[in-house]
Amino acid sequence: MIVLFDTHLHLVDRERIRYPWLKDVPPLDRDWTLADYQTSARRIGIEGALHMEVDCDPADITAENAWVAEMMAQDGSLIRGAISSARPEDAGFEAFLDTLDRGVVKGIRRVLHVVPDEVSTSDRFRANVGRMGAHGLPFDICMLARQLDMAAALVDACPDTTFVMDHCGVPDIAAGAFDDWAAAVSRLAERPNVNAKISGITAYTAPVWTLDTLRPYAEHVIGCFGWDRVVWGSDSPVCTLNSSLDQWVAVTRALLSEVSETEARALASGNARRIWGL
């Protein structure tokens with residue numbers, strides 16, 4: 001069995017860290033522990049994971065990274081690093097980069113679909129994301145399908161930074177939206193410093209879905225980016241909104257069963273190790 005490396009795991013500790021948005025998503029508004037995740041992960045062939053920031057209160061970003069460091073240090077931990085939250089739009093971003101423990105922090109993400117579109121187009125934001133390239137820190141693109149052309153403009157402004165498009169570019173699968181999203185993904189994939197995550201897209205379906213519901217979206221992304229620029233992620237626990245972690249892994253394995261072992265291993269873990277220097 002080909003093992004998976006999870007590039008997109010969210011864990012939640014509400015006593016330690018504040019997550020303002022969770023109150024608006026009741027199914028997710030609880031603690032999500034490393035112990036519970038590891039029990040499932042070891043049963044279904046996940047060999048390691050990067051903790052993805054959970055859009056915590058900005059004052060708790062350092063605390064979230066410290067918590068990830070503690071989890072990494074636990075005996076037998078599957079956590080191999082953190083993709084940290086950050087605010088590239090702030091004047092203190094460059095100093096923030098210098099404070100990061102690079103043994104823990106492997107990349108940066110700023111959730112951009114919850115702020116005005118102008119945030120990612122500002123000169124300061126682009127200059128700071130551009131600085132990440134010199135630090136060897138990839139930037140995760142967390143934008144909606146309608147924003148993907150804005151993502152392309154950000155990438156063009158930061159040619160020396162590595163990017164990773166989250167969640168297949170967040171297609172509205174429940175509404176059957178495809179053509180506009182697919183065209184935007186194709187345009188973004190023309191940039192060689194952009195990679196793509198096949199991650200947790202069950203969250204964007206209707207409650208009733210099948211493998212064939214998801215297949216066109218995953219296959220389009222892989223077709224655009226190629227097998228050397230795609231990675232896998234669970235997006236747990238967000239993927240549980242319309243599925244279970246086990247079901248999303250089953251979908252992934254079904255898709256990988258139809259390709260070569262070399263291609264499957266690249267998406268499952270090989271590309272992730274290269275992109276984040278694991």
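Biologist: Which element gives the most to the lining of the second largest pocket?

Modeller: This is a predicted model, with local features needing pLDDT of at least 70, side-chain atom pairs counting only at pLDDT 80 or more, and totals for chains, interfaces and linings using all residues. Residues are numbered from 1 along each chain as its sequence is written, and side-chain values use heavy atoms, with hydrogens and water left out. The one that gives the most, with 3 residues, is α1.

Biologist: Which residues lie nearest the centre of the second largest pocket?

Modeller: A pocket is an open set of points on a 1 Å grid over the protein atoms alone, where a 1.4 Å probe fits, with protein on both sides within 12 Å along at least five of seven lines; lining residues have an atom within 4 Å of a point. This pocket is lined by 14 residues, divided into 6 nonpolar, 5 polar and 3 charged. Nearest its centre lie W32, D36, Y37, S40 and S236.

Biologist: What is the volume of the largest pocket?

Modeller: Its lining has 24 residues, with W21, R109, H113, Y204 and V238 nearest the centre, and divides into 17 nonpolar, 3 polar and 4 charged. A volume is the space filled by probe spheres set on the grid points, which are joined across faces, edges and corners. For the largest pocket that comes to about 460 Å³.

Biologist: Which strands stand at the edges of the sheet?

Modeller: Strands are DSSP runs of E, at least two residues, and helices are runs of H or I, at least four, numbered from the N terminus; two strands pair if DSSP finds at least two bridges between them. The open sheet has 8 strands in the order β1-β2-β3-β4-β5-β6-β7-β8, paired parallel. Each edge strand has a single partner, so one side of each lacks a neighbour in the sheet. The edge strands are β1 (4–9) and β8 (230–233).

Biologist: What is the bridge partner of F139 in β6?

Modeller: Strands β5 (residues 139–142) and β6 (residues 163–165) pair in the parallel sense over 3 bridges. In β6, the partner of F139 is F163.

Terms used:
Ala, Val, Leu, Ile, Met, Phe, Trp, Tyr, Cys and Pro count as nonpolar, Asp, Glu, Lys and Arg as charged, and the others, Gly among them, as polar.
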